[in-house]
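Please read it alongside the sequence and the structure shown here.

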Protein chains: 2
Amino acid sequence: MEEKETLTIADVAEALGVSKTTVSRAISGKGRIGKETREKVLAFIEEHNFKPNMIAKGLAKSKTYNICVVMPRDYEMVDWNFFQTCLFGIQERAQMAEYDILLTMCRMDDISSLERIIDDHKVDGVILMRTVLKDIQIEFMLQKTIPFVTIGSSNYKGVVQMDHNHRSACRDLTLGILKKGVKRIALIGEDDGYIVTQSRLSGYFDAFVKMDRKVEDKLLFLSPENHLSVDKSVEGALAEGVECILCMDDSVTRRVLKVLRESKVSVPSDVWVASFFDSTILADNVPSITSLSFDSKELGMEACRVLLDMIEGVTVAERTLLPYEVVWKGSTI
Amino acid sequence: MEEKETLTIADVAEALGVSKTTVSRAISGKGRIGKETREKVLAFIEEHNFKPNMIAKGLAKSKTYNICVVMPRDYEMVDWNFFQTCLFGIQERAQMAEYDILLTMCRMDDISSLERIIDDHKVDGVILMRTVLKDIQIEFMLQKTIPFVTIGSSNYKGVVQMDHNHRSACRDLTLGILKKGVKRIALIGEDDGYIVTQSRLSGYFDAFVKMDRKVEDKLLFLSPENHLSVDKSVEGALAEGVECILCMDDSVTRRVLKVLRESKVSVPSDVWVASFFDSTILADNVPSITSLSFDSKELGMEACRVLLDMIEGVTVAERTLLPYEVVWKGSTI
DNA sequence: CTGAAAGCGCTTACAG
DNA sequence: CTGAAAGCGCTTACAG
């Protein structure tokens, strides 16, 4: 049986002796159309495996059925697992609406690829997967009319955000440790300008306030962003004789554990370790590391859902904070 | 100054008192057009920041200016770093041609999202980032007319492939170890049906053939795909008193190192360890692990370049093998 | 060198 | 309930 390479709505209309309008209506399900006619068209479409051209549909409806997902492009991006899982969530939700993901990667100082995608009218909305304090991605999007949502919080006004409640989570974890009778807790992290780092720090402070205790400044190690300084921070913390080291994220934690191992300091007998973020890079450590657990896939799904709502013109909450879990493991016993 | 939300080629034409044809020609640079006219149009476009709608252009030219990148969606995907770096390469190359990446993730038993993207006519070509022996992604693409290339090798006929020369690389690494006088080398891996696993195995055998030595079957641990069996393999290898453990990939290596650490077997004094694949998950190990090093970004760039060529109708080589490096570290001294 | 017109494959008022 | 026609924003033979 001969079949055209790829048939169009006009072919279907001609074959059936109806108008393109009718075929279009049968497919979309919109507009009045006779039951028999619709079924006839649908049957033909099914049989001949006709799929309408989404590009053409998009042009007619001024839609692309694509959302742009902007991923950070850092030199050393250790938490890909987070982005991966987020992407799974986004894709799962997008799929339901027959939307696809246009992926791009931007460095924080060069958003030309994002700009081009927007200017080329290639997407209906965008998800920013990482936010920073001064964020040119957000500043750029803010002056465009196309809807966008950030994964992670932002201080800019009028930005729709989807995040986990990091502050509250860090408070709970720190509180838990304080309540176990630990007196001196070091906090090691990188001074990277991410909002989430701020939130984590706030949570840490919240816990001390709650317990009516004072944070010792010298136990706060917020160093510039590089491995060497984490190493020094660990030394510093050890010199102070802390009982527990709290790490800002999984990347820091991994490095801290490495340093401790090399220094023959054992966890948890010599010092406790806990992390404000969990990931697979910590999974195989002995002992397992006490940490905060967040559902990244859910984060992605929710961000996508909200964006899709915005595209549909539905009003959405400016900021949504998702729940978390504190998981106690062998590193704090 | 008033500006329309988004202006079209017709607006530009009207404002300048020329035809849409002329504007189009000025932008594309194709077709004869007067120098002055062109410059006038270009100046206006520049000043008013007009960007042609790529969707409309695409419809007219039957192009989408998108390529689909299909990423595997496994339960436990540890080598995201590889895909990340590959993606960087793809994006960098795609960018040059003003192409974008439509990302989708497929499990090996469910390619519905790929199918939809193709059937919806949303891309001009596709890059398959992982291949397996029996590959429904490839089988599906083979019966479509749209060009595609695989990252990694494939046994299917007529598939354009971009890969590193894994076989040769594994041969070199194994050979190097044998030449250092090591007699008994265990090979631990997972029996996962990936082509690359086959190639690695072949490389291992090649080295023994080259040295005129026989592979001991009992030192080959190709177990089903789960952590527990890797653990058993390590025990088995140790029981056989091997001098070196070769690991199929970075994921296996990580697990092997964990087991050794727990068993108080030290590297390299008790046993050597080397890996057929390197990644950041191995980066911080003490000691550093001898391994094969591949440039994943280059792999992505080359795959994209070839795909773009195919889209342009240029004939390309069916299979390209990129070079590699053997990196000797402290784990084999 | 320039433009009117048809076309890419859909959708959607507007008529009937 | 159904269709002719205009339109989405471009490109490209075809004329002139």
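How many nonpolar, polar and charged residues does the surface near DNA strand D have? By class, it has ten nonpolar, twelve polar and seven charged residues, where Ala, Val, Leu, Ile, Met, Phe, Trp, Tyr, Cys and Pro count as nonpolar, Asp, Glu, Lys and Arg as charged, and the others, Gly among them, as polar.

## Basis of the model

This is a predicted model, in which local features need pLDDT of at least 70, side-chain atom pairs count only at pLDDT 80 or more, and totals for chains, interfaces and linings use all residues. Residues are numbered from 1 along each chain as its sequence is written, while chains are lettered from A and ligands numbered from 1 in the order in which they are written.

## Surface near DNA strand D

Two or more residues each are given by α2 (20-28) and α4 (54-61) of chain A and by α2 (20-28) and α4 (54-61) of chain B, the elements being DSSP runs numbered from the N terminus (helices: H or I, at least four residues; strands: E, at least two). With six residues, α2(B) gives the most to this surface.

## Contact between chains A and B

The contact takes 40 residues from chain A and 40 residues from chain B, counting two residues as in contact if their C-beta atoms, placed from the backbone, lie within 7 Å. On the side of chain B that touches chain A, the largest share, seven residues, comes from α5(B).

Strand β2 (residues 100-106) of chain A pairs with β2(B) in the antiparallel sense over three bridges, pairing requiring that DSSP finds at least two bridges between the strands. Here A:I101 stands opposite B:L103 in β2(B).
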